[in-house]
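Open your viewer and keep the selection tool at hand. We will walk from aromatic rings to a pair of helices.

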Amino acid sequence: MRYPQGGGLTSERQQFREELRLKAAERFARGEVNSVIAKDLRVSVRSVQRWRRTWDEDGPRALRSRGPASVPRLSGQQFAQLEAELARGPAAHGWEDQRWTLARVRTVIGRRFHLTYTIQGVRTLLVRNGWSCQVAARRASERDADAVAGWVKEDSP
C-alpha cells in the first residue's frame with residue numbers, strides 16, 4: 001500500500017522500497033529487461049521504467065531513499081503535551097461544550113506551540129499518532145432506554 005492510514009511510508013517500508021530499487025539497479029547493469037525485473041521484484045513495469053530512467057540519468061545513487069517526505073512539525077514530546085491539553089477538555093480552553101473538533105485542536109496547537117496547521121494537517125497528525133475521528137451519537141436527554149428496547153422487541157417487527 002502506498003499511503004497507509006497514518007500517511008506516508010513507515011521507515012521500514014521506505015528501507016524495503018530502497019532495497020528493491022537497488023536490486024533493480026544491479027539488474028539494470030546486467031542488461032535485464034524491465035518486464036522480467038518487475039515480475040521478479042513484484043512491482044509494476046512502470047515503476048521499473050521510472051527507476052531505469054533515473055538510473056540512466058544519475059546512476060544507482062539516485063535510487064537511494066531521500067528519507068521521509070515530511071518531518072512531523074510537532075516532536076514526540078510536544079505531541080505528549082498536546083495530548084495532555086486535550087485531556088483537560090475543551091472547557092479548559094474556553095469552549096462551552098465538550099466536543100473536540102479539528103478546528104479547535106488546530107487552535108490549541110496554534111496557542112500552545114505557535115504553529116499553524118491546516119484542518120487536514122491536524123487530522124493527519126492525530127491519525128498518525130493513533131487518534132480516531134469519532135462523531136457522538138445525538139440522543140435526547142429524555143430518552144428512555146427501556147421503552148426503546150421494548151419497542152424494538154414488540155412493535156418494530
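Buried means under 20% relative accessible area, exposed over 50%, and partly exposed in between (1.4 Å probe, protein chains only). The model is predicted, so local features need pLDDT of at least 70 and side-chain atom pairs count only at pLDDT 80 or more, while totals for chains, interfaces and linings use all residues. Residues are numbered from 1 along each chain as its sequence is written, and side-chain values use heavy atoms, with hydrogens and water left out.

Start by selecting Trp 100, which is partly exposed at a relative accessible area of 28%. Rings of Phe, Tyr and Trp (its six-membered ring) pair if their centres lie within 6.5 Å; planes under 30 degrees apart count as stacked, over 60 as edge-to-face and the rest as tilted. The model has two aromatic pairs by this rule.

Next, select Phe 28 and Trp 55: this pair is tilted, with 5.4 Å centre to centre and 55° between the planes. Phe 28 sits in helix H1 (residues 11–29) and Trp 55 in helix H3 (residues 45–58), 27 residues apart. Helices here are DSSP runs (H or I, at least four residues), numbered from the N terminus. Phe 28 is buried, with a relative accessible area of 3%. Back at Trp 95 and Trp 100, the pair is edge-to-face: 5.9 Å centre to centre, 70° between the planes.

Finally, select Arg 73 and Tyr 117. Arg 73 lies over the face of Tyr 117, 4.7 Å from the ring centre; the rule asks for NZ of Lys or CZ of Arg within 6 Å of the ring centre and within 35 degrees of the ring normal.

Key:
Helix = DSSP H or I, 4+ residues; strand = E, 2+ residues; numbered from the N terminus.
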